[in-house]
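Student: I would like a close look at one part of this model. Please start at the surface and work along from there.

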Amino acid sequence: MNEGSRYLRIVALSLLLLSGSSFIAAQTSGVANAASFGPEPTASVLPNSIALPALPASPFSSASDPNEIRITGIGQGSMPWTIIVLLTLLTLIPSLLLCMTPFARLLVVFHFLRQALGLQTTPTNQTLIGLSLVLTFFLMQPVGANIYTASIVPLESGRISAMQAVERGEGPIRQFMLHYVREKDVALFVELSKEPRPRTPADLSMRIVVPAYILSELKAGFQIGTVLFLPFLAIDMIVASISTSVGMLQLPPVVISTPLKLLLFVMVDGWNLLVGSLMRSFS
């Protein structure tokens, strides 16, 4: 026991000496580094130094920050009202797209085409909607340019208010819708609204023009889709009658007619003919 305790004392003493030597070495190196760099110059050490006045902060100093986002009002409007107007327009974009553009007619025709070909999911809904959006943008680009020139540019320059910009923007879109609306649909909504009969189409309010334009577009889309459906319906009837006459009762006629309809559609370059006819209907 005495020999073991003596060994433990020796080990503890050696550890204590090692730690003390490392502490002394660290203190010595710190003092040497401080002496090499010298004391920090302060106002008391440099009595002959001239104190420079603090420069005022530049009002444009924050503009140099690349991560800063600034939102300014449109024209003479304030920033909160600008944000409210922009968010309102974002929520109304789907409704405006369906009610005031040819999007509804194009989408109805494309769905009729898919049903006439006997295809359930090809092309997909996303493909048809994307094609309709692209064609709608192509058709509405001149109208959008007129709206931008008549309302957005004066609003950004501060010459008109937001409400005046909305009133000016109604002109090009109203003229576009009145060009394709049917007189029968306009008369229906004039009667339902109990408004006095207008003297000219320009006297019609948007309350009447928009629903009348939607009905006119739906009717035009169904008319084009019905005409498009007839040749494929004839192929279905011919294939069904032939397969029944030869006794092929166990084979559904759709299995034979679908490849024939696709072959006919590809041979006549159906997409080119269909899209070209739709675009010319808006000329």
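**A surface patch and beyond**

Tutor: Ile-238, Ile-242, Val-246, Met-248, Leu-251 and Val-255 make a nonpolar surface patch of about 520 Å² (residues with over 30% relative accessible area and no salt bridge, nonpolar side chains joined within 5 Å; Shrake-Rupley areas, 1.4 Å probe, only the protein chains shown counting as cover). The model is predicted, so local features need pLDDT of at least 70, side-chain atom pairs need 80 or more, and totals for chains, interfaces and linings use all residues. Numbering starts from 1 along each chain, and side-chain values use heavy atoms, without hydrogens or water.

Ile-238 sits in helix α7, residues 206-245 (a DSSP run of H or I, at least four residues, numbered from the N terminus). Lys-194 is not a glycine, yet its phi is positive, about 60°. Most residues other than glycine have a negative phi, and most peptide bonds are trans. The bond from Thr-122 to Pro-123 is cis, with omega near -5°. Pro-123 lies in the loop between α3 and α4 (125-157).

Now take α3 itself. Helix α3 (103-116) packs with helix α9 (270-280) at about 155°, axes 12 Å apart (lines fitted to C-alpha atoms over the stretch in contact, angles from 0 to 180 degrees between N-to-C directions). Therefore α3 is roughly antiparallel to α9 (over 145 degrees). Leu-106, Val-109, Phe-110 and Leu-113 of α3 meet Trp-271, Leu-274, Leu-278 and Met-279 of α9 (heavy atoms within 4.5 Å).

Last, charge. There are five salt bridges (a Lys or Arg side-chain nitrogen within 4 Å of an Asp or Glu carboxyl oxygen). One joins Arg-174 to Glu-170, closest N and O atoms 3.6 Å apart. The two are four residues apart in helix α5 (162-180), so about one helical turn separates them.

Note on methods
Patches are made of residues with over 30% relative accessible area and no salt bridge: like charges are joined within 9 Å, nonpolar side chains (Val, Leu, Ile, Met, Phe, Trp, Tyr) within 5 Å. Angles under 35 degrees count as roughly parallel, over 145 as roughly antiparallel, 65 to 115 as roughly perpendicular and the rest as oblique.
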